[in-house]
Amino acid sequence: MNVLIKTATIIDPSSKFHNQTCDLLIEKGKISKIAKSIKNTNNSKTIDLENLHLSQGWFDSSVCFGEPGFEDRETIENGLKTAAKSGFTSVALQANTSPIIDSNADVAFLLSKAQNHAVNLLPVGALTKNSESVDLAELFDMKNAGAVAFSDYKKPIKNPNLLKIALQYASNFGGLVCSFPLDTQIAGKGMVNEEFISTSLGLKGSPNLAEAMQVARDLFLLEYAGGKLHIPTISTAESVDLIRQAKAKKLDVSCSVAIHNLCLADSVLEQFDTNYKVNPPLRTQTDIDALIEGLKDGTIDMVTSDHNPLTIEDKNVEFDHAAYGTIGLESAFGALNNLFSTKKTIQLLTKGKSRFGQDQTTINEGEIANLTLFNPNTKYAFSETNILSKSKNSAFLGQELKGTVYGIIANNKTVL
């Protein structure tokens, strides 16, 4: 279907129409015309929304949907609809399912379930068989089947030699190896940030050292072995400094930060709300300031919602026994837009695509339409009515957010 978008402010520094308010005509999935005013001469579907803004489609480097095995948490079908309504045109899907996604057949299954959707599903295959950190999974076969990276979601690689071999092996075909930054022996049974708050609440703490030591180890291995390394969801000032130094050495490393680690400090734990039990844990304002500075100077390459749906049975228990994780797709834009300018927010939400093998589109005539539609100025309190996921475990419930997402246009489909 052809689409005519009326009176939209374009936010795309790579476009000659950046900061301009224009009409856009989309025909057969491509932007055929951009002008101050376009008449609807061929019965195109007209989109005319309040304070409409357009950007390149957003990307999330870490989401979980549950299927296969945990469909009670989320299905691929509803997960992709949630992503679309939240403004994301591509999402990298983690392998923490049952069975674990660790073979080419598993990757092919995910891609078959995601066919004909507006959102591109990008499978992340497990780095090790069954994510048990013993033997490498079928990395090359999964790459050929469509996997964009390899990660044992939230499970650190304990054996440094295994990570070294993974980096060396994957470098033969340009594979991206992800290593979760946690030294479990240092962290012990810690479940929140080790600081004044954890002590006052009587909760076992995990120190910054547990993350920084693993980051330092992995960077040493990368320097020795070569290859491409991605360190997901860093949360400490020390990690930012270590990665900054590694990039100064020209090591091929990238990293991300979860949006909730940017917006929420460990002081919220005083409510004992299990929605705040996340991994890595919420840290101090000092760490948050360092993470924000890392985003500003380019040390941190991308943000992620780290969307992880969990059922009420996983969360509505004592804090010690609750599962780690929060959903984040629906609140991602509003939370970031509260923290940064709209232009910076869009820059962060569109970064990281090339690292995961995706082409960067632009908003120009003749380009494929891969667009996110939003209003950056609305303010509202995030509640369960804003949640589209099957699971409702959001760390942003009750938080004041800024900006409303209308939907996306991508893959010759419109989701509003």
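Visitor: At what angle do helix α4 (residues 160-170) and α7 pack?

Guide: They pack at about 45°, and their axes are 9 Å apart. Axes are lines fitted to C-alpha atoms, for helices over the stretch in contact, with angles from 0 to 180 degrees between N-to-C directions. Keep in mind that this is a predicted model, where local features need pLDDT of at least 70 and side-chain atom pairs count only at pLDDT 80 or more, while totals for chains, interfaces and linings use all residues. Residues are numbered from 1 along each chain as its sequence is written, and side-chain values use heavy atoms, without hydrogens and water.

Visitor: What makes α4 oblique to α7?

Guide: Under 35 degrees would be roughly parallel, 65 to 115 roughly perpendicular, over 145 roughly antiparallel, and the rest is oblique. About 45° falls in the rest, so α4 is oblique to α7.

Visitor: How do you know which residues of α4 and α7 meet?

Guide: Contact means heavy atoms within 4.5 Å. On the α4 side, P160, L163, K164, L167 and Q168 pass that test, meeting R217, D218, L221, L222, Y224 and A225 in α7. Sorted by class, the contact has seven nonpolar residues, one polar and three charged. (Ala, Val, Leu, Ile, Met, Phe, Trp, Tyr, Cys and Pro count as nonpolar, Asp, Glu, Lys and Arg as charged, and the others, Gly among them, as polar.)

Visitor: What is the volume of the largest cavity?

Guide: About 130 Å³. A search of the whole structure turns up four cavities of 30 Å³ or more. A cavity is a set of points on a 1 Å grid over the protein atoms alone where a 1.4 Å probe fits but cannot get out. Lining residues have an atom within 4 Å of a point. For the largest cavity there are 16 of them, and S62, Q94, S151, Y153 and P232 are the closest to its centre. The lining divides into six nonpolar, eight polar and two charged residues.

Visitor: Which peptide bond that ends at P68 is cis?

Guide: The one from E67 to P68, with omega near 5°. P68 sits in the loop between β6 (58-63) and α1 (76-85). Another cis bond joins S98 and P99, with omega about 10°, and P99 lies in the loop between β7 (88-93) and α2 (104-113). Those labels come from DSSP runs numbered from the N terminus: helices (H or I) of at least four residues, strands (E) of at least two.

Technical notes
On a 1 Å grid over the protein atoms alone, a cavity is a set of points where a 1.4 Å probe fits but cannot get out, and a pocket is an open set with protein on both sides within 12 Å along at least five of seven lines; lining residues have an atom within 4 Å of a point. Grid points are joined across faces, edges and corners, and a volume is the space filled by probe spheres set on the points.
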